[in-house]
Amino acid sequence: MSDHTYRVIEVVGSSASSIEDAIKGAVAEAAKTLRHIGWFQVVETRGHVEDGQVKHFQVTVKIGFTLEDRA
């Protein structure tokens, strides 16, 4: 196994449907501009309540990816 260097960023995903959709959306959007994504970690979950009902889910996700070798 060779040595690697990793980077971690935080993104926030949101969905009116579910926490799972918010996570999937955050990772999918990050994947549009990042290569070599290897993992994610949900670090915060929030939501919006209206008239006693959950209307929106929001998650903060750390996304880890491998940096490319420049050799």
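**Figure 1. Ile9 and Ile63 are bridge partners, the latter in strand E3.** The model is predicted: local features need pLDDT of at least 70, side-chain atom pairs count only at pLDDT 80 or more, and totals for chains, interfaces and linings use all residues. Residues are numbered from 1 along each chain as its sequence is written, and side-chain values use heavy atoms, with hydrogens and water left out. Helices (H or I, at least four residues) and strands (E, at least two) are DSSP runs numbered from the N terminus. E1 and E3 pair in the antiparallel sense over 10 bridges; two strands count as paired if DSSP finds at least two bridges between them. A further bridge joins Val12 to Thr60 in E3.

**Figure 2. An open sheet is formed by 3 strands in the order E1-E3-E2.** The pairing is antiparallel. E1 and E2 are the edge strands, each pairing on one side only. Neighbouring strands are turned against each other by 15° on average, direction ignored; axes are lines fitted to C-alpha atoms, for helices over the stretch in contact, and angles run from 0 to 180 degrees between N-to-C directions. Strands of a sheet pair through backbone hydrogen bonds, either parallel or antiparallel. Between E2 and E3 the antiparallel pairing extends over 12 bridges. Trp39 stands opposite Gly64 in E3. The hairpin of E2 and E3 has 2 residues between the strands, and Asp51 takes a positive phi near 55° in this hairpin.

**Figure 3. Thr60 lies in strand E3, which spans residues 53–66.** Thr60 is buried, with a relative accessible area of 7%; buried means under 20% relative accessible area, exposed over 50%, and partly exposed in between (1.4 Å probe, protein chains only). Leaving aside neighbours within four places in sequence, Thr60 is in contact with Glu10, Val11, Val12, Gln41, Val42, Val43, Glu44 and Arg46. Contact means heavy atoms within 4.5 Å. Among these residues, Val12 is also the bridge partner of Thr60.

**Figure 4. Ser15 is found in strand E1, residues 6–15.** Ser15 counts as buried at 9% relative accessibility. The side chain of Ser15 reaches the backbone nitrogen of Ser18 at 3.3 Å. This is a polar contact, defined as a pair of N or O atoms within 3.5 Å; within protein, one must be able to donate a hydrogen and the other to accept it, and residues adjacent in sequence count only if both atoms are side-chain atoms. Apart from neighbours within four places in sequence, the contacts of Ser15 are Asp21, Ala22, His56 and Phe57.

**Figure 5. Helix H1 lies across E1, E2 and E3.** H1 runs at about 40° to E3. The largest nonpolar core has 7 residues: Ala22, Ile23, Ala26, Ala30, Val59, Val61 and Ile63. H1 and E3 each supply at least two residues of this core, and H1 gives the most, with 4 residues. A nonpolar core is a set of buried Ala, Val, Leu, Ile, Met, Phe, Trp, Tyr and Cys residues joined through side-chain atoms within 4.5 Å. Not counting residues up to four places away in sequence, Ala26 touches Val11, Val12, Gly13, Val61 and Ile63. Ile63, a member of the core, is also the bridge partner of Ile9.

**Figure 6. Lys24 forms a salt bridge with Glu20.** The closest N and O atoms of Lys24 and Glu20 are 2.9 Å apart. A salt bridge is a side-chain nitrogen of Lys or Arg within 4 Å of a carboxyl oxygen of Asp or Glu. The two residues are separated by about one helical turn because Lys24 and Glu20 are 4 residues apart in helix H1, residues 19–31. Glu20 is partly exposed, with a relative accessible area of 48%. Side chains of opposite charge can pair when their charged atoms come close. The whole structure has 4 salt bridges.

**Figure 7. Two salt bridges are shown, Glu29 with Lys32 and Arg35 with Glu68.** For Glu29 and Lys32 the N to O distance is 2.8 Å. Glu29 is partly exposed at 48% relative accessible area, whereas Lys32 counts as exposed at 61%. In the pair of Arg35 and Glu68 the closest N and O atoms are 2.6 Å apart. Arg35 lies in the loop between H1 and strand E2 (37–50) and Glu68 in the segment after E3, so this pair ties together parts that are 33 residues apart in sequence. Arg35 counts as exposed at 55% relative accessibility, and Glu68 as partly exposed at 38%.
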